[in-house]
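Here is a short briefing on one protein model. Please read it alongside the sequence and the coordinates.

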Amino acid sequence: MAPPKYLTLIIALVLGAYGGCSLGPKEQESAPFKARYADFSLDVPKRADLDQAQKVGRGVSIRICDRHTYQAGQLPLCEGLTAPVVNASGLQTFITEPRHGTRFELLRERPRGVRDPASEPMVTIPDARIDRSLDSGGEAYELSRIRVLNPDAPLTTTTQGWPLARCANHPRGSRYCTIGFLIRGAFVEAHVFAELGEPLDQKQIWDVASAVDAKLRALSAGSH
């Protein structure tokens, strides 16, 4: 199932919001390219599993593991990012740099040395803990990017407090989520659409975010 039409609009808007300017041709650079956001440096190659990779304004947009373009079994480096948890469209992923001095409370780096969460429903974060003030110097803007079409969808996490996600049911019946976390101070936003019948529970969201985290960190290490 292809992603809903609204995601195309998000792709155009999210990086423009960070860059503070229009997305003209001079501001776009397709892979291969190098980029740095906060303390996170990337060397993005032109590669099948990194489809439509572009540097736009102050961010990077990559569709990870889109299986529509490639025959089954021919898309490399996509372990953990395939059916049924991730549908054939892969994950539209954005990497951006938060404003200088942003204070993070809920958003965090992937924790190390902890157990994977169980296959249980995501844990709702109390509303009082969510920063909504864009003038506070906190993570309100990044948290606002973790959104779905349903305005009542709660901000959630796993029992390990990573990653953050908002999830909803697509009109066609499948589950989809927007996931957010940090890598070396850079903000990562990933959109995952599951196949019909998959709940996108704690373990599934953890596994998807961990696979995206590892793939992006490998780009930083230059492991192509």
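Strands are DSSP runs of E, at least two residues long, numbered from the N terminus. Two of them pair if DSSP finds at least two bridges between them. The model is predicted. On those terms, the hairpin of β4 and β5 has two residues between its strands, and Gly 57 there takes a positive phi near 60 degrees.

**Sheet layout**

- Strands of a sheet pair through backbone hydrogen bonds.
- Strand β10 covers residues 175-183 and β11 covers residues 186-193. Eight bridges join this antiparallel pair.
- Tyr 176 has Phe 193 in β11 as its bridge partner.

**Strand β5 and its neighbours**

- On the β4 side, five bridges join β4 to β5, and the two run antiparallel.
- Gln 54 is bridged to Ser 61 of β5.
- On the β6 side, β5 is joined by six bridges, again antiparallel.
- Gly 59 stands opposite Thr 96 in β6.
- How many residues of β5 are buried? Six of the six are, so the strand is largely enclosed by the rest of the structure.
- In a regular strand, side chains alternate between the two faces of the sheet.
- Both faces of β5 are covered. Gly 59, Ser 61 and Arg 63 are buried on one side; Val 60, Ile 62 and Ile 64 are buried on the other.

**Helix α3**

- 14 of the 19 residues of α3 are buried, so the helix is largely enclosed by the rest of the structure.
- Asp 201 caps the N-terminal end of α3. One of its side-chain oxygens lies 3.2 Å from the backbone nitrogen of Lys 203.

**Disulfides**

- A disulfide is a covalent bond between the sulfur atoms of two cysteines.
- With the bonded cysteines numbered in sequence order, the pairing is 1-2, 3-4.
- Cys 65 is joined to Cys 78, with an S to S distance of 2.0 Å. This link is left-handed, with -100 degrees about the S-S bond.
- Cys 65 and Cys 78 both lie in the loop between β5 and β6, so the pair ties together parts that are 13 residues apart in sequence.
- Buried means under 20% relative accessible area. Cys 65 counts as buried because its value is 1%. Cys 78 is buried too, with 7%.
- Cys 167 is joined to Cys 177, with an S to S distance of 2.0 Å. This link is right-handed, with 110 degrees about the S-S bond.
- Cys 167 lies in strand β9 and Cys 177 in strand β10, so this pair ties together parts that are ten residues apart in sequence.
- At 10% relative accessibility, Cys 167 counts as buried. Cys 177 also counts as buried, at 1%.

Notes: Residues are numbered from 1 along each chain as its sequence is written. This is a predicted model: local features need pLDDT of at least 70, side-chain atom pairs count only at pLDDT 80 or more; totals for chains, interfaces and linings use all residues. Side-chain values use heavy atoms; hydrogens and water are left out. Helices (H or I, at least four residues) and strands (E, at least two) are DSSP runs, numbered from the N terminus. Buried means under 20% relative accessible area, exposed over 50%, partly exposed in between (1.4 Å probe, protein chains only). A polar contact is a pair of N or O atoms within 3.5 Å; within protein, one must be able to donate a hydrogen and the other to accept it, and residues adjacent in sequence count only if both atoms are side-chain atoms. A disulfide is a pair of cysteine sulfur atoms within 2.5 Å.
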